[in-house]
Amino acid sequence: MSDARELGRRLREALGTDSVKTTPEDLAAYSFDACGEDRLPDAAVLPNDAREVSAIVRIARDCGVPIVARGAGTGLCGGAVPVSGGIVVSFARMNRIVSLDVPGRRARVQAGLVNLELSRATAASGLFFGPDPSSQKSSTLGGNAATNAGGPRAYSCGSMSAHVLGIEFVDATGDIVCASIDDPGYDLVATLVGSEGTLGIVTTLDLRLLRMPRAVCVAFAAFDAIETASACVSAIVAAGIGATALEIMDRTIVRAVEAHYHAGYPLEAGAVLLVELAGEPADVEASERAVATLAREHGALAWRSAADARERDALWAARKGAAGALGRIAPNYYIQDATVPRTRLPQAVRAVETIARGCGLPVGNVVHAGDGNLHPLIMFDRRVPREREAVVAAGHEILAACIELGGTISGEHGIGYEKRDTLPLVYSSDDIATMQRLHDAFDPSRVFNPEKIFPRGAICGEVLAPGATEAPP
Amino acid sequence: MTQTSSKKYALGTRAPDFAHVAETIADVSATLRESDAIGRAVVLFGGGTLQGMGSVPVRYDVALDCSRLNRILEHEPADLTIAVEAGCTLANLEQTLAAAGRFLPLDAPRASLATVGGTLASGWLGPRRAAYGRSRDFVIGTTCVLADGTIASAGGMVVKNVTGYDLSKLYVGSLGTLVALVRANLRTLPLPQARRLAIASLPEGTRARTVSHLAALAIEPAAAVIVKGFSKSIDGSDGLDGRVFVLFEGTQRTVDAATRELRSTLGAAGVPETRLLERDIGPAFARLIDAYIEPLGSRSITYRSYGAPANATPRLDAFERVARASDLEAETIEDLRTGDVIARISSRLTPDFAERAVAFDAQRRTALAGARIVSAPERLRARLDGWGAPPASLATMKAVKARFDPHGTLAPGRFVGRI
């Protein structure tokens with residue numbers, strides 16, 4: 001306890017009283033993310049700039065406590081949970097656009113800027129930011145970078161790593177280091193993106209902006225089942241039609257979002273395929289015809305194209321609100337994140353259905369179908385121990401099934417705490433040891449986000465995570 | 001594994017003591033394990049086309065040629081993925097993909113010799129990356145051999161993957177100093193329906209307007225560069241301000257519309273005539289890319305400088321200015337979309353070239369600190385600064401090297417900051 005008091009005292013001395021939280025009531029807000037795990041940190045700090053982050057790292061080293069960087073806490077696998085206590089560094093105050101270069105199409109932002117804020121701020125200049133995770137109204141660009149987040153549009157423009165041009169980060173010694181993709185030498189930018197806060201603390205990002213397309217079409221096709229919708233997606237991908245996003249929602253999800261958003265999705269459909277096309281007006285028209293034809297050939301029951309921007313936004317708002325809307329159906333839900341090769345999607349959704357039926361719990365599916373990235377949502381009541389156990393087991397089975405199909409266990413949320421023991425299902429011990437070499441080059445004393453990514457055994461002593469999860473409101 | 005003459009693997013003024021040609025991944029592993037154990041330094045070879053990049057290794061005992069590891073392992077056109085062994089040539093990759101209506105814009109020189117592994121290891125970046133992405137953005141998985149012989153994989157065959165560290169992206173651009181790449185899994189793209197290459201000579205005083213007008217095109221080109229010089233290797237002929245190349249790729253309709261827009265845009269910039277290439281675009285574009293490293297006999301050095309398009313012209317001007325001051329000539333390629341500047345510095349007079357070139361290289365360190373050498377006469381390389389100023393993150397890079405290759409087995413001293 002006296003150690004924690006000393007830590008609080010030193011942090012206050014360096015950052016001021018206003019930036020340091022140490023009471024249990026205050027710390028509760030920094031104890032969890034969208035995974036069910038929680039643990040109170042010893043302190044939570046709200047730095048204003050990289051120099052303050054540097055001071056925090058030096059204090060943490062002196063006091064021998066770990067540091068966990070926190071964006072908005074929307075991650076699904078415990079990446080932001082301070083499972084060993086220590087300091088949570090919140091980026092809530094580092095949320096500015098530092099500079100915007102419209103002709104050069106780039107922006108420099110602080111890591112705590114909310115994803116959607118960047119596109120809002122650049123819209124008037126005809127630019128937008130590519131990666132658009134469903135959490136983009138709340139998740140931060142620093143957090144997006146940490147998990148190499150994608151979202152629906154990753155299908156056409158790639159995940160975060162394709163959009164980060166430069167990074168300022170604080171390393172394990174407390175030094176502020178800048179890296180750019182134009183630097184000679186190792187690509188530290190691509191190395192840091194997706195490293196889940198285990199290599200350094202990113203304070204500033206240089207991001208690529210995209211020019212708004214001249215035409216956009218958002219449309220959906222209704223299918224009798226998620227398998228036929230998936231087969232249609234495989235055909236669209238194979239045909240090389242330049243869609244910007246290909247998303248599937250099954251009946252459970254469609255009904256939940258319609259009750260909430262009234263976007264006009266058909267309630268009777270077994271699954272809905274949401275398609276976005278963007279580019280030159282004539283190309284978009286031609287692609288729309290081609291996709292509609294493929295949909296019909298794959299047994300689509302209906303095809304509807306949004307008439308205007310308002311309808312387009314409504315279709316997207318409902319899709320991106322899918323997880324939240326499930327609150328109407330079950331008290332808790334567990335979202336899985338796995339990827340399979342695109343053509344294996346029909347088999348993967350069939351496997352999910354079989355597994356869900358086996359565990360006796362209802363399941364909904366939202367799928368970044370163009371990328372083969374599945375998000376099955378299993379509904380349960382965490383107060384019922386049997387359901388809690390069943391959901392964890394089903395989650396594990398889904399991951400195993402996806403690996404069996406040539407896929408992997410995370411498409412855009414990372415490994416974090418919850419999936420770390422699953423890592424050996426995908427990689428050999430030599431593969432994992434190679435990752436550890438990289439880790440040790442950056443953070444040999446394990447200051448940053450310990451007990452994440454790497455399976456238990458590398459570090460021991462913690463209790464098995466229950467895994468049953470609940471998303472934030 | 002076969003032994004071969006070591007002469008063709010000479011770098012700088014040094015030939016290695018041993019040259020091994022690997023037939024299998026196990027060969028690569030055995031050679032590295034043995035070399036690492038007894039302190040021999042190893043340089044990896046693919047097609048050898050980009051060995052002119054960077055500094056000469058400070059130690060060099062073994063050449064390890066991976067070009068025979070050249071199979072296509074898995075090609076899944078419907079998934080838009082392909083897996084190849086590192087020694088697969090770019091030409092073979094391109095042909096295989098094209099047969100299935102796919103492509104990958106890696107755009108490295110000498111595609112019939114250049115290998116996928118070498119292209120990735122060198123971090124090669126082509127002019128179409130503004131439209132399609134960087135080479136590393138296409139790498140979804142790798143298998144590599146570490147200096148101690150360990151075989152390790154990262155990533156997989158899926159296009160979206162955050163399962164552990166994305167080590168593949170660290171290996172891209174590591175120039176054979178961290179690992180030996182033996183397999184690459186790549187994301188591919190649907191082949192565009194139509195392509196067109198426009199070439200126009202720039203009359204005196206039209207360059208600046210051409211640059212600004214092309215930046216404002218409504219339909220963005222896949223590539224746009226201004227070339228000055230390279231008259232024997234790249235198509236077209238210079239006006240007083242050089243010549244411009246604009247490549248469009250997409251649907252026939254859009255390429256047609258883009259061409260109309262380009263013609264009127266160039267016309268407004270004072271460029272009267274635009275020649276259009278519909279056929280043989282591939283070879284013409286390949287000649288442009290080849291020029292990025294092509295030497296002029298043994299009396300040229302080629303530099304490459306990265307940066308924003310907005311400051312490409314000042315960097316290009318600096319190359320010309322310093323060249324003039326050293327009584328050398330500069331031929332240049334300015335990439336309007338990516339901001340790359342290529343400058344081939346040469347002399348008509350062979351006898352004086354070495355001294356002038358060394359003087360040029362010393363002078364450019366202030367005006368063009370970030371420029372790197374991509375091609376230079378082997379006899380001069382040890383006297384030149386291959387990398388320019390080291391980056392601010394050099395200490396972190398050295399720490400990475402120390403963990404992956406603690407004995408300095410892989411091309412020691414070749415990389416930036418003598419890594």
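Predicted model: local features only at pLDDT ≥ 70, side-chain atom pairs only at ≥ 80, totals over all residues.
Residues are numbered from 1 along each chain as its sequence is written, and chains are lettered from A and ligands numbered from 1 in the order in which they are written.

**Exercise 1.** Work out which strands pair with β2(B), and in which sense.

Solution. Strands here are DSSP runs of E, at least two residues, numbered from the N terminus, and two of them pair if DSSP finds at least two bridges between them.
- Start with β1(B), residues 2–3: two bridges tie it to β2(B), residues 18–21, and the pair runs antiparallel.
- Gln3(B) sits opposite His20(B).
- Now take β4(B), residues 62–65: it runs parallel to β2(B), with four bridges.
- Val21(B) has Asp65(B) as its bridge partner there.

**Exercise 2.** Find how chain B is divided into domains.

Solution. The bounds come from an automatic or database domain assignment.
- Domain 1 covers 1–191 + 391–419, domain 2 covers 194–290 and domain 3 covers 300–381.
- The C-alpha centres of domains 1 and 3 of chain B are 27 Å apart.

**Exercise 3.** Work out what share of chain B is buried.

Solution. Call a residue buried if 20 or more other C-beta atoms (placed from the backbone) lie within 10 Å of its own, exposed at 12 or fewer, and partly exposed in between.
- By that count, 57% of the 419 residues of chain B are buried.
- As for overall dimensions, the C-alpha trace of chain B spans about 65 × 55 × 40 Å along its principal axes.
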